[in-house]
Amino acid sequence: MKYLLVVSILLLGGCSSQPFEQQAQDRLLEKVTGKSYSRNAGSCQIIKQECGEGNYTEWVQDNGQLACACN
């Protein structure tokens with residue numbers, strides 16, 4: 001049963017449009033700063049909606065993809 005859970009997590013992680021390493025870095029940055037942050041344009045829409053009265057910012061990365069933060 002434990003292996004089924006691990007395989008499921010790996011398969012779902014493989015479907016992401018963002019590499020696992022970047023996802024892990026984003027989560028670490030969020031924990032350190034206490035702010036929402038993403039280098040994935042799909043996640044930016046969610047962050048924008050949840051930002052509320054915060055200072056929502058978007059920018060284009062060097063690779064041409066959208067990134068965002070809620071400060």
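At 0% relative accessibility, C68 counts as buried (buried is under 20% relative accessible area, exposed over 50%, partly exposed in between, with a 1.4 Å probe and protein chains only). The model is predicted: local features need pLDDT of at least 70, side-chain atom pairs count only at pLDDT 80 or more, and totals for chains, interfaces and linings use all residues. Residues are numbered from 1 along each chain as its sequence is written, and side-chain values use heavy atoms, without hydrogens and water.

**Exercise 1.** Find the disulfide partner of C68 and describe the link.

*Solution.* 
- Step 1: C68 bonds to C44, with the sulfur atoms 2.2 Å apart (a disulfide needs cysteine sulfur atoms within 2.5 Å).
- Step 2: C44 lies in helix 3 and C68 in strand 3, so the link ties parts 24 residues apart in sequence (helices are DSSP runs of H or I, at least four residues, and strands runs of E, at least two, numbered from the N terminus).
- Step 3: The S-S torsion is about -105°, so this disulfide is left-handed.
- Step 4: C44 is also at 0% relative accessibility and counts as buried.

**Exercise 2.** Describe the disulfide of C51 and C70.

*Solution.* 
- Step 1: The S to S distance is 2.1 Å.
- Step 2: C51 sits in helix 3 and C70 in strand 3, 19 residues apart.
- Step 3: With 85° about the S-S bond, the link is right-handed.
- Step 4: Both C51 and C70 are buried.

**Exercise 3.** State the order of the strands in the sheet.

*Solution.* 
- Step 1: The open sheet has 3 strands in the order 1-3-2, with antiparallel pairing (two strands pair if DSSP finds at least two bridges between them).
- Step 2: Strand 1 (36-38) and strand 2 (56-60) are the edges.
- Step 3: Strand 2 and strand 3 (residues 66-70) pair over 5 bridges.
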